[in-house]
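Let's take a friendly tour of a protein chain. Have a look at the fold first, and then we'll go through it topic by topic.

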Amino acid sequence: MTLHLNEIDNAKLEQLQGKVINDVAGSLGLLMAYIGDKLDLYSALLEISPATSQQLADNTGMDERYLREWLSANAAAGYINYDAASRRFSMTPEQAVIFAAEGHPACMQGFFQAVMSVYIDEPKFSEVFRSGAGLPWREHSPCLFCGTERFFRPMYAMNLIDHWLPALDGVREKLEAGARVADVGCGHGSSTILMAKAFPNSTFHGFDFHAPSIEHARERARAAGVASNTIFEVVTAKEYPGKHYDLVTIFDALHDMGDPVGAAAHVASTLAADGSFMLVEPFAGDALEDNLHPLGQIYYSFSTMVCVPASKSQEVGLSLGAQAGQKRLTEILNAAGFNQIRRAAATPTNLVLEAKL
């Protein structure tokens, strides 16, 4: 296609320019938010708000000139407020939740941290575009591991115990009585630990192939007081041990696996006859055109830089992607031997499927 300048619709060009400017502003705002989280500036501002840049400098021991510019950028973004009369900066309760409320489902700092990780790793992504090779999970910036856990943990805390598990057929009753559970691809163990705390009569096995994540999960379990009913092991999704599990879960990880059919088939082989497989995946429509919106853009972008390279680095390398959708996921589960599949629950960001043999 040859570009003909006389064919340009100036109104459409200006509209697209405006969108790009907003996107650039957002990307820089994300960087400011990441720095504020790393240096604990939002919490410090909230503690003494309203405050001048000098007062924030006195409170934190940091350089006033840098803080003044950082505060100004945040005010321009609408992340904090500025009163011209007093020259003081402040935060509303809503701003505090987004930028300073660690553990709240609406806090975005873990998300920002994960986004920063892919910027750090950009040279690696450019190289795999050329080579077609994969990029193993372990070769990403550590910011990705921490940011992913920080982002997902509050979502799971809000939904897993009170909404998702009760939506499964008879599972909550089994967990209360005492069940065997495998949490596959458990990462830092957030989902495993939430279930272990809620159901002390059950035993929870957390499996992940990333050794540093498993070590972190063990530390988290000890700190949460659930070391007695949790077991964490470094092992792949196709090789984890045990049989007759009442429940097997995979949270936001099947699409990262090289062989999701093989992993799901192994789940089927380890389930009890009446056991349930709960698969949690990013929410998506079944066709690309269903996902052409900001959340879809975010998921496709992370999939480009994290999910597809992770899958391509493993055996088979199916590269399912983070926007597979229920129809494609059902095909995967059918191929693995599951005959009963239904959507048990959904949120704006997650699909929850229950699969049985």
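This is a predicted model: local features need pLDDT of at least 70, side-chain atom pairs count only at pLDDT 80 or more; totals for chains, interfaces and linings use all residues.

Residues are numbered from 1 along each chain as its sequence is written, and side-chain values use heavy atoms, with hydrogens and water left out.

**Domains and cores**
- The domain assignment (automatic or from a database) gives domain 1 (25–100) and domain 2 (157–356).
- The centres of domain 1 and domain 2, taken over C-alpha atoms, are 38 Å apart.
- The largest nonpolar core has 64 residues, and Trp 164, Leu 165, Leu 175 and Met 278 have the most contacts inside it.
- A nonpolar core is a set of buried Ala, Val, Leu, Ile, Met, Phe, Trp, Tyr and Cys residues joined through side-chain atoms within 4.5 Å; buried means under 20% relative accessible area, exposed over 50%, and partly exposed in between (1.4 Å probe, protein chains only).
- Helix α8 (residues 142–164) supplies the largest share of this core, ten residues; helices (H or I, at least four residues) and strands (E, at least two) are DSSP runs, numbered from the N terminus.
- Domain 1 and domain 2 both give residues to this core, so it lies between them.
- A second, separate core has 29 residues, including Phe 277 and Leu 333.

**Strands side by side**
- Strand β4 (residues 203–208) is mostly covered, with five of its six residues buried.
- β4 pairs in the parallel sense with strand β3 (residues 180–184) over five bridges; two strands pair if DSSP finds at least two bridges between them.
- Across that pairing, Asp 183 stands opposite Gly 206 in β4.
- From β3 the chain passes through helix α10 (residues 190–198) to β4 in a right-handed β-α-β crossover, meaning that with the strands pointing away from the viewer, the path from the first strand over the helix to the second runs clockwise.
- β4 also pairs with strand β5 (residues 230–234), in the parallel sense and over five bridges.
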